[in-house]
Amino acid sequence: MSVVLAVANQKGGVGKTTTAVNLGACLADSGQRVLLVDVDPQANATTGLGIDASNANSVYEVLVNGVALEEIVVETAQSGLWLAPSSNDLAGAEVELVPVAKRESRLQDAVRSVKSRYDIVIIDAPPSLGLLTVNALTAADAVIVPVQCEYLALEGLGRLLHTIDLVRRNLNPALRIQGLVLTMYDARTNLCRQVAEEVRSHFPNTFETVIPRSVRISEAPSYGLPILAYDRSCRAGKAYQALAGELLSALQKVSA
Ligand code: ATP
Ligand code: MG
């Protein structure tokens, strides 16, 4: 059984890419075969894994020119984790795909062709609700929504839920929300604790694991490494390992 997860929230800087990369690496570390698909033109997941984002073989070629996804997949430093890299020209895809037939399901078609080779496919979406995010949601079985523990954390979430609903009604009826992940949590501040409580009261499907704020995890991408390879024992690294465990047991329940 393989599963496709989109990591999405149109709010910028909430920890989508950090979650996609590190959750992916932790799942791979626990024996899963994981493919990370970077559909963000910023290509932060790509460069954060030490892969060149000016490479001609990127998700752009897959979405716009119909190149097979498997042709662009590269290995990463983490064994069991593969990457379908992004490149900056992916920004143009939002416009170039406008006249294309079934433009919302280009990624779904591409992912379907490789799905059986991986246990888990994780898609890192950009901070918008445009065509690239719609492609990510259409390709996915479930969505993971990182939420930063800060003032107005829930702002904009209504629009994301509305978009998920539209995708479900028109393009991908089986799409479900796997859960919200609280990121950049600082237990010393009342605000963080209040935000976490508020999020949990609105969304009972919030993961129990909370990702703490950590300097180590923000340093890791500049070395092109997931946190496991950079500093395995730091608190945020342990948190992503715990999140991977929590996700795997939740997925087992869904498939049971
Ligand atoms: P974008 O919307 O631009 O794609 P994003 O939602 O993918 O952003 P990230 O790039 O993962 O967010 O994180 C934003 C910034 O916060 C980055 O500099 C990242 O290193 C930092 N960051 C993410 N998670 C943590 C954490 N747990 N502790 C400290 N810094 C973090
Ligand atoms: Mg990102």
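Of the 18 residues around ligand 1, those that come nearest are Lys-16, Thr-17, Thr-18, Pro-212 and Ser-214, where near means a heavy atom within 4 Å. This is a predicted model, in which local features need pLDDT of at least 70 and side-chain atom pairs pLDDT 80 or more, while totals for chains, interfaces and linings use all residues. Residues are numbered from 1 along each chain, chains are lettered from A and ligands numbered from 1 as written, and side-chain values use heavy atoms, without hydrogens or water.

**Contacts of the ligand**
- The side chain of Thr-18 places an N or O atom 2.5 Å from an oxygen atom of ligand 1; a polar contact is a pair of N or O atoms within 3.5 Å.
- Gln-42 also reaches an oxygen atom of ligand 1, with a polar side-chain atom at 3.1 Å.
- From Pro-212, a backbone N or O atom lies 2.9 Å from a nitrogen atom of ligand 1.
- Ligand 1 exposes 630 Å² when taken alone, and the protein buries 81% of that (Shrake-Rupley method, 1.4 Å probe).

**The shell around it**
- At least two shell residues come from each of α1 (16-29), β8 (206-212) and α10 (215-219).
- With three residues, α1 gives the most to this shell.

**The sheet**
- Eight strands form an open sheet with mixed pairing, in the order β3-β4-β2-β5-β1-β6-β7-β8; strands pair if DSSP finds at least two bridges between them.
- Its edge strands, β3 (74-75) and β8, each pair on one side only.
- Strands β6 (residues 142-148) and β7 (residues 176-185) run parallel, joined by seven bridges.
- Opposite Ile-144 stands Gly-179 in β7.

Methods. A polar contact is a pair of N or O atoms within 3.5 Å; within protein, one must be able to donate a hydrogen and the other to accept it, and residues adjacent in sequence count only if both atoms are side-chain atoms. Helices (H or I, at least four residues) and strands (E, at least two) are DSSP runs, numbered from the N terminus.
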